[in-house]
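Subject: A structure for you to look at

Hi there,

Here is the structure I promised to pass on. Please open it and have a look around before reading my notes.

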Amino acid sequence: AVVVVELVHQLHYICSEEVLTTMLLRMKTLRTDVVSGLDWHTRTKLQAVLHGLSSPGGPLYPPRPIRVRTRQLLDMLFPRGRLGRRVVNLSFRLLHPYRWPLSLAHWVLVQTPMNLWQLSLEVLPVSISSRLSGGAAYAKWALRSVLSLPGALFSRS
């Protein structure tokens, strides 16, 4: 319990993305039964800090890799709220019409090829999976050009 309290305290003050990513990866060693054995105050503080790191915007403004890892950690440590968190996240994405096309483009052009590439490393032989890595690089380039499109449209006028 003391270790979790110290982790919660430190998560507020870490500014480096690398350190925060490493800390979130190491926190996956906590198990659901350890977290459920904590008192309600510590468990609530841990969930609040992780929720703050999983949502974009203030007060912490975490980058996308931190948000993704934190959502995975939340799903692992608190499995009962997983569906509710997903529904709320999706509904707020749909309420912001400016952001959801870019988010959808990121998911289609970057996340899907990356997930397929990781799956191919586990299933396919090396020669085929190396060809798929070129597709992931193309997807990142395509996403950058899609994201720069609104800026190019507004600068012409």
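Predicted model: local features only at pLDDT ≥ 70, side-chain atom pairs only at ≥ 80, totals over all residues.

Residues are numbered from 1 along each chain as its sequence is written, and side-chain values use heavy atoms, with hydrogens and water left out.

**Helix pairs**

Two packed helices are described by the angle between their axes and the distance between the axes. Helices here are DSSP runs (H or I, at least four residues), numbered from the N terminus. Axes are lines fitted to C-alpha atoms over the stretch in contact, with angles from 0 to 180 degrees between N-to-C directions.

Start with helix H2 (residues 17-26) and helix H5 (residues 64-77), whose axes come within 10 Å and cross at roughly 15°. That makes H2 roughly parallel to H5 (angles under 35 degrees count as such, and over 145 as roughly antiparallel). Glu17, Leu20, Thr21, Leu24 and Leu25 of H2 meet Pro65, Ile66, Arg69, Thr70 and Leu73 of H5, where contact means heavy atoms within 4.5 Å. These residues divide into 6 nonpolar, 2 polar and 2 charged (Ala, Val, Leu, Ile, Met, Phe, Trp, Tyr, Cys and Pro count as nonpolar, Asp, Glu, Lys and Arg as charged, and the others, Gly among them, as polar).

Next, the axes of H5 and H6 come within 9 Å and cross at roughly 150°, so the two helices are roughly antiparallel. Here Arg71, Leu74 and Asp75 of H5 touch Arg82, Arg85, Arg86, Asn89 and Arg93 of H6. By class, that contact has 1 nonpolar, 1 polar and 6 charged residues.

**Pockets**

A pocket is an open set of points on a 1 Å grid over the protein atoms alone, where a 1.4 Å probe fits, with protein on both sides within 12 Å along at least five of seven lines; lining residues have an atom within 4 Å of a point.

The largest pocket holds about 970 Å³, a volume being the space filled by probe spheres set on the points, which are joined across faces, edges and corners. Of its 23 lining residues, Val68, Arg71, Arg93, Trp107 and Gln111 lie nearest its centre. H7 gives the largest share of that lining, 10 residues.

The second largest pocket holds about 740 Å³. Its lining has 24 residues, with Ser55, Pro56, Arg71, Asn89 and Arg93 nearest its centre. H6 gives the largest share, 6 residues.

Enjoy exploring!

Methods:
Parallel < 35°, antiparallel > 145°, perpendicular 65-115°, else oblique.
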